[in-house]
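Let's go through this structure together, one question at a time.

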Amino acid sequence: MSAPNLKIEDLRVSIEDKEIIKGLDLEINGGEIHAIMGPNGTGKSTLSAALMGHPKYEVTSGKVTFNGEDLLEMEVDERAQAGLFLAMQYPSEVSGITNADFLRSAINAKREEGDEISLMKFIRELDKKMDHLEMDNAFAHRYLNEGFSGGEKKRNEILQLMMLEPKLAILDEIDSGLDIDALKVVAKGVNEMRNPDFGCLIITHYQRLLNYITPDKVHVMMQGRIVKSGGPELAQRLEAEGYDWIKEELGIKDETVGQEA
Amino acid sequence: MSVDTSLRFDKDYVTGFSSSRQEPAWLQELRLQALELAQELPMPKPDKTKIDKWNFTEFKHEATGTPVAFNELPEDVKALIGSEEEAKNVLVIHNGTPVYFALEESVKDQGVIYTDLLTAAKEHEDLVKKYFMKAVTVDENRLPALHAALFVNGAFLYVPKNVELSAPIQAVYYQDDEAAIFNHVIVVAEDNSSVTYVENYLSTNDSTDSVANIVSEVFAGSGAKVVYGAVDNLAKGMTTYVNRRGRAEKDARIEWALGQFNDGNTVSDNTTHLIGDGSFTDTKTVTIGRGDQKQNFVAQIFNHGKHSEGYILTHGVMKDNASSIFNGITKIEHGATKSHGEQTERVLMLSEKARGDANPILLIDEDDVTAGHAASVGRIDPLQMFYLMSRGISKAEAERLIIHGFLAPVVSQMPLESVKNRLVEVIERKVR
């Protein structure tokens with residue numbers, strides 16, 4: 001397995017004709033964990049949804065390559081097959097499909113016909129990972145996300161991440177609605193994945209998750225662009241001082257999308 | 001178009017048919033009365049579906065099957081009943097003729113009667129007379145009358161007082177002739193008994209215009225429990241009228257799990273009368289409409305008894321140009337205090353041209369009751385698709401998962417594993 005590379009160049013994304021991402025550049029390599037921080041309404045979640053191919057978001061210009069291939073030309077399932085994963089802020093509930101059946105379908109989707117994962121091996125892996133995330137085994141047999149609490153849904157996203165072993169994962173506000181214990185469990189899951197063949201983009205507006213997952217690079221997003229990048233120390237400064245100093249430094253009055261600098 | 005009230009089948013025909021089968025006199029008489037009524041009575045009028053041009057009266061009446069050993073049963077039938085060792089309590093009727101039968105000694109020893117209806121009418125005349133056309137009556141409309149006049153065979157299952165059968169009783173009605181299916185099922189569970197009955201309807205006639213006119217009557221005595229599972233899988237050539245009705249006495253319980261997967265036009269009525277205080281019914285139905293098929297489904301519960309409870313759950317998937325009407329009716333009668341009725345109808349539309357109507361109807365003539373309903377008609381949620389596909393699952397597979405999930409509430413209730421598997425296969429084939 002080779003180290004992944006995600007390269008975003010001058011990306012512009014609209015929803016219902018309103019431009020949200022306004023020329024964004026970012027490159028993530030295997031072994032790197034990036035964090036995108038920023039206040040609400042600055043386009044962070046739009047970026048993650050657009051990269052995965054969400055039907056409501058339209059990429060109007062720019063280029064995204066994943067391991068050298070044009071990501072924007074791929075269907076949603078092809079992006080996943082290529083090794084991209086999005087842990088969603090609001091995962092869908094699907095009635096009538098058990099968590100376990102869903103996961104097995106997803107794993108087998110990546111494998112050749114005739115080379116499906118054996119049931120025993122699947123159950124072994126699933127049990128191991130659920131233990132790691134301190135999830136009750138009963139969740140395997142419940143319908144996909146149906147009636148799960150916010151925290152249970154987040155854990156379930158990380159369970160999928162660990163089972164599917166993507167090359168590059170985007171975690172969209174995985175920390176929102178999590179108490180500190182759950183946060184630690186989720187961080188443990190992500191840290192377990194950390195290796196040179198795995199890249200990760202964490203989207204958050206709190207520093208606290210980054211206390212448990214140390215990022216290599218931190219970016220600040222405002223007005224649909226990355227306005228500042230740095231190392232882990234940037235996140236710490238944001239935690240201590242908030243975003244106002246950046247706005248001041250860059251002469252931004254309103255950081256949300258729709259305002260120009 | 002004027003409704004043609006003349007029937008191809010006259011008094012002489014029915015007399016001859018009944019005599020040739022050596023039926024008891026009361027049955028022949030009932031047939032002749034029913035024939036007269038069939039000429040006078042109007043067709044049923046299913047709400048929102050026009051059936052006046054549907055053919056329910058022109059068909060070839062009789063066909064024959066030949067009794068066979070287990071090994072000679074068609075593969076489709078074997079898939080439903082399992083191996084010879086597994087198929088312990090099974091009746092197979094082929095083209096109206098009982099062709100295979102098995103019943104465990106231990107079941108017989110408890111006084112359980114299970115046999116084809118014609119045999120029952122001769123050997124257990126009083127019992128059949130007591131129940132035949134008593135839940136569904138000959139004077140309701142033309143189709144039950146026609147059914148009584150011309151029914152060919154069916155099953156009779158009788159469970160005596162206090163007998164609790166754990167093994168399911170199974171029936172397969174298999175038709176590979178263009179003749180009509182006139183099948184009648186009676187399930188009687190006496191006081192405090194318990195039984196599970198599962199039936200499959202199969203036919204192969206895709207092209208010739210034919211008719212299925214099916215009636216099932218379920219009688220649950222005080223404290224009795226009946227689980228009734230059915231998978232209907234009649235081919236396109238059949239225009240179907242199927243009426244499954246139950247009567248639950250005091251504290252009795254009737255659970256229906258109906259997979260209605262006919263390919264031809266279908267009128268289906270599933271009604272339960274909660275007669276006794278504390279009686280209960282739960283009716284779960286799934287269906288898939290495809291092609292140019294038109295269907296009308298009624299799921300109906302009458303609460304007569306106090307503290308009676310009735311639940312309806314209907315899930316339908318509509319594709320191509322198919323059109324289906326789902327009428328859920330909860331009728332709480334005056335005096336049925338503290339009773340409860342609840343219903344849910346959900347329709348999943350897979351095509352722009354398909355039509356699906358869900359009509360929940362609550363009719364309440366008593367103050368001291370609780371009732372609720374929910375209905376929805378919608379398409380597959382694009383966000384669900386996005387979510388599943390974002391895990392690498394293809395569009396087709398994601399749709400398949402969502403549809404199976406949508407139908408799961410009923411599929412999971414099917415009492416027999418082999419029949420459940422068959423149901424999944426049928427769904428698989430129909431949504432492809």
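**A sheet and a helix pair**

In this predicted model, A:Ile8 stands opposite A:Leu26 in S2(A).

Student: How many bridges join strand S1 of chain A to S2(A)?

Tutor: Good place to start! Strand S1 covers residues 5-15 of chain A, and S1 and S2(A) run antiparallel. The number of bridges joining S1 to S2(A) is 9.

Student: Which strands stand at the edges of the sheet in chain A?

Tutor: Follow the order of the 4 strands in this open, antiparallel sheet: S2-S1-S4-S5. An edge strand has a single partner strand, so one side of it is left without a neighbour in the sheet. In chain A, the strands at the edges are S2 (18-29) and S5 (69-70).

Student: Now for chain B: is H1(B) roughly parallel or antiparallel to H2(B)?

Tutor: Helix H1 (residues 11-20) and helix H2 (residues 25-40) of chain B pack with their axes 10 Å apart, at an angle of about 155 degrees. Angles over 145 degrees count as roughly antiparallel. Therefore H1(B) is, relative to H2(B), roughly antiparallel.

Student: How many nonpolar residues does the contact of H1(B) with H2(B) have?

Tutor: From H1(B) come B:Lys11, B:Val14, B:Thr15 and B:Ser18, which meet B:Leu27, B:Gln28, B:Arg31, B:Leu32 and B:Leu35 of H2(B). Sorted by class, this contact has 3 polar and 2 charged residues, and the nonpolar ones number 4.

Note on methods:
Residues numbered from 1 in each chain as written. Chains lettered and ligands numbered in written order. Predicted model: local features only at pLDDT ≥ 70, side-chain atom pairs only at ≥ 80, totals over all residues. Axes fitted to C-alpha atoms, helices over the stretch in contact; angles between N-to-C directions. Helix = DSSP H or I, 4+ residues; strand = E, 2+ residues; numbered from the N terminus. Parallel < 35°, antiparallel > 145°, perpendicular 65-115°, else oblique. Contact = placed C-beta atoms within 7 Å. Nonpolar A, V, L, I, M, F, W, Y, C, P; charged D, E, K, R; others polar. Pairing = 2+ DSSP bridges.
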